[in-house]
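Dear colleague,

I am passing on the structure below, together with some notes on what came out of going through it. Please read the notes with the coordinates open beside them.

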Amino acid sequence: MIVCAIDDLLFSIKIKAAAKQLDVPLYFERAGDRIVETVREKQPSLVIFDLNSAKLAPLLAIAALKHDPALAGIKTIGYVSHVDTATIDAARAAGVDQVLARSAFAEQLGEILRSDRR
């Protein structure tokens with residue numbers, strides 16, 4: 001199970017299509033105030049964040065996940081515009097496990113989904 005904290009329609013469609021081909025279960029959480037609760041309920045192997053989403057407040061959610069002993073071990077990946085160095089630095093400070101440029105995330109999507117099956 002992978003939880004996606006993404007409100008970008010284009011990337012949601014790409015992720016859904018790739019996951020369907022690979023038979024990887026997904027859950028999309030589109031309410032920023034529910035991300036931590038959803039992760040607690042679903043216990044996913046991975047949480048994917050759109051770090052540029054103003055609506056979802058991903059940096060706050062990442063920090064909350066990484067400060068909760070019961071959730072801190074869940075892998076997190078965030079994708080971001082490659083020129084947004086401030087957000088990249090802030091995501092790393094919040095504790096995200098991996099930050100990828102949007103283009104690299106799209107390119108590696110199948111591998112990301114396959115590697116985190118459980």
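How many helices and strands does the secondary structure of the chain come to? There are five helices and five strands, where helices (H or I, at least four residues) and strands (E, at least two) are DSSP runs, numbered from the N terminus. Before going further, please note that this is a predicted model, in which local features need pLDDT of at least 70 and side-chain atom pairs count only at pLDDT 80 or more, while totals for chains, interfaces and linings use all residues. Residues are numbered from 1 along each chain as its sequence is written, and side-chain values use heavy atoms, with hydrogens and water left out.

From the N terminus on, the elements run β-α-β-α-β-α-β-α-β-α. The radius of gyration of the chain (taken over C-alpha atoms) is 13 Å, close to the 13 Å that the globule rule (2.2 Å times the number of residues to the power 0.38) gives for 118 residues, so the chain is as compact as a globular protein of that length. Of the 118 residues, 45% count as buried, which is to say under 20% relative accessible area, with exposed meaning over 50% and partly exposed in between (1.4 Å probe, protein chains only). Among contacts (heavy atoms within 4.5 Å) between residues at least 6 apart in sequence, 65% join residues at least 24 apart.

In helix H2 (residues 35–42), the buried residues are Ile35, Thr38 and Val39. Seen down the axis of H2, these buried residues fall within an arc of 100° (that of the directions from the helix axis to the C-beta atoms), so they line one face of the helix. They pack against strand E1 (2–5), strand E2 (26–28), strand E3 (46–50) and helix H3 (58–67). H2 is followed by Gln43, whose phi is positive, near 45°.

In H3, the buried residues are Pro58, Ala61, Ile62, Leu65 and Lys66; seen down the axis of H3, they fall within an arc of 125°, so they too line one face of their helix. Leu60 and His67, on the other side of H3, are exposed. The buried residues of H3 pack against H2, E3, strand E4 (75–80) and helix H4 (85–94).

Finally, Asp50 lies in strand E3 and, at 4% relative accessibility, counts as buried. Leaving aside residues up to four places away in sequence, Asp50 touches Ala5, Ile6, Asp7, Asp8, Pro58, Tyr79 and Arg102.
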